[in-house]
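Look over the model first, then read the points below.

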Amino acid sequence: VMSHTASLAGSFEVFDALCRQVNAVRVNSVEEMVDLAVAFRFMGAPKGPGVAVVGGGGGFSVFAADEIDDAGLECPILPEHTQEALREFTPAAGTSVRNPVDTIALFQPPMLQKTLQIIGEAENIDVVMFHTSFSWGNMRRTLAAAQDIDPAAYMDSMVQQMTAAREVSGTPIVIVLRSPLNVEGMEATAAFQTQCVRAGFPVFSSIPKAANAIARTYRWRLAREDALS
């Protein structure tokens, strides 16, 4: 048994050495292979480890910051001038503009673009992780009803704003679509994911999967730069 284990370990070492030589990324599962294929196809390799987390409130942003740290990336405090720019239109109560950025302003059509763009322009941010869900609570349903928002038009507006923010800031935006809790949410999630893919955004089904994909592509970039230097 020990000899067999040693043989397997030796095989992995040889394969890892081959991957380093050809600058390939070794994955541990088919699922991870798909995540990295999505990341390389739609995001590329980040220039640095700084990740900004943007969401509509709740504990998911804190969870995301922990996952980013565990993946070997950074969730740095945004520069003061970036925070000041966000405070100009971000409600003070129940929000944060330090990073993670939690704000209900995202649900107002013009503000999603402004938020993502300002954060993407921060000098210590290399990737923006925007997490959302279509399992709408009472607050979001009330806002949608008050503004007479059609779900399809709302999703189209979101994608347009994300695209504009990415084009202006030049910073990749990664989308995390958290699991919906009902059939209506599942249908909306699938529709929104399709729109995001058509617009060239990488979409992941969980925060850990997104953090791992960002980290793995960033480490690939570092290895490639070392090999070329």
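Are Phe-134 and Phe-192 buried or exposed? Both Phe-134 and Phe-192 are buried. Keep in mind that this is a predicted model. A pair of aromatic rings is described by two things: the distance of the centres and the angle of the planes.

**Aromatic pairs**

- The count comes to two aromatic pairs.
- In one of them, the ring centres of Phe-40 and Trp-220 lie 5.2 Å apart, and the planes meet at 80 degrees. An angle over 60 degrees counts as edge-to-face, so Phe-40 and Trp-220 form an edge-to-face pair.
- This pair links distant parts of the chain. Phe-40 belongs to helix α2 (residues 30–42), Trp-220 to helix α9 (residues 207–228), and 180 residues separate the two.
- Phe-134 and Phe-192 also form an aromatic pair, with 5.0 Å from centre to centre. Their planes are 55 degrees apart, and the pair is tilted.
- Phe-134 lies in the loop between β3 (127–132) and α6 (138–146), while Phe-192 is in helix α8 (residues 183–198). The pair therefore ties together parts that are 58 residues apart in sequence.

- Phe-40 has 31% relative accessibility, so Phe-40 counts as partly exposed.
- Trp-220 has 23% relative accessibility, so Trp-220 counts as partly exposed too.
- Phe-134 and Phe-192, by contrast, are buried.

**Charges over rings**

- Arg-41 places its charged end over the ring of Phe-42, at 4.7 Å from the ring centre.
- Arg-178 has its charged end over the ring of Phe-60, at 4.0 Å from the ring centre.

How values were computed: Residues are numbered from 1 along each chain as its sequence is written. This is a predicted model: local features need pLDDT of at least 70, side-chain atom pairs count only at pLDDT 80 or more; totals for chains, interfaces and linings use all residues. Side-chain values use heavy atoms; hydrogens and water are left out. Rings of Phe, Tyr and Trp (its six-membered ring) pair if their centres lie within 6.5 Å; planes under 30 degrees apart count as stacked, over 60 as edge-to-face and the rest as tilted. Helices (H or I, at least four residues) and strands (E, at least two) are DSSP runs, numbered from the N terminus. Buried means under 20% relative accessible area, exposed over 50%, partly exposed in between (1.4 Å probe, protein chains only). A charge sits over a ring if NZ of Lys or CZ of Arg is within 6 Å of the ring centre and within 35 degrees of the ring normal.
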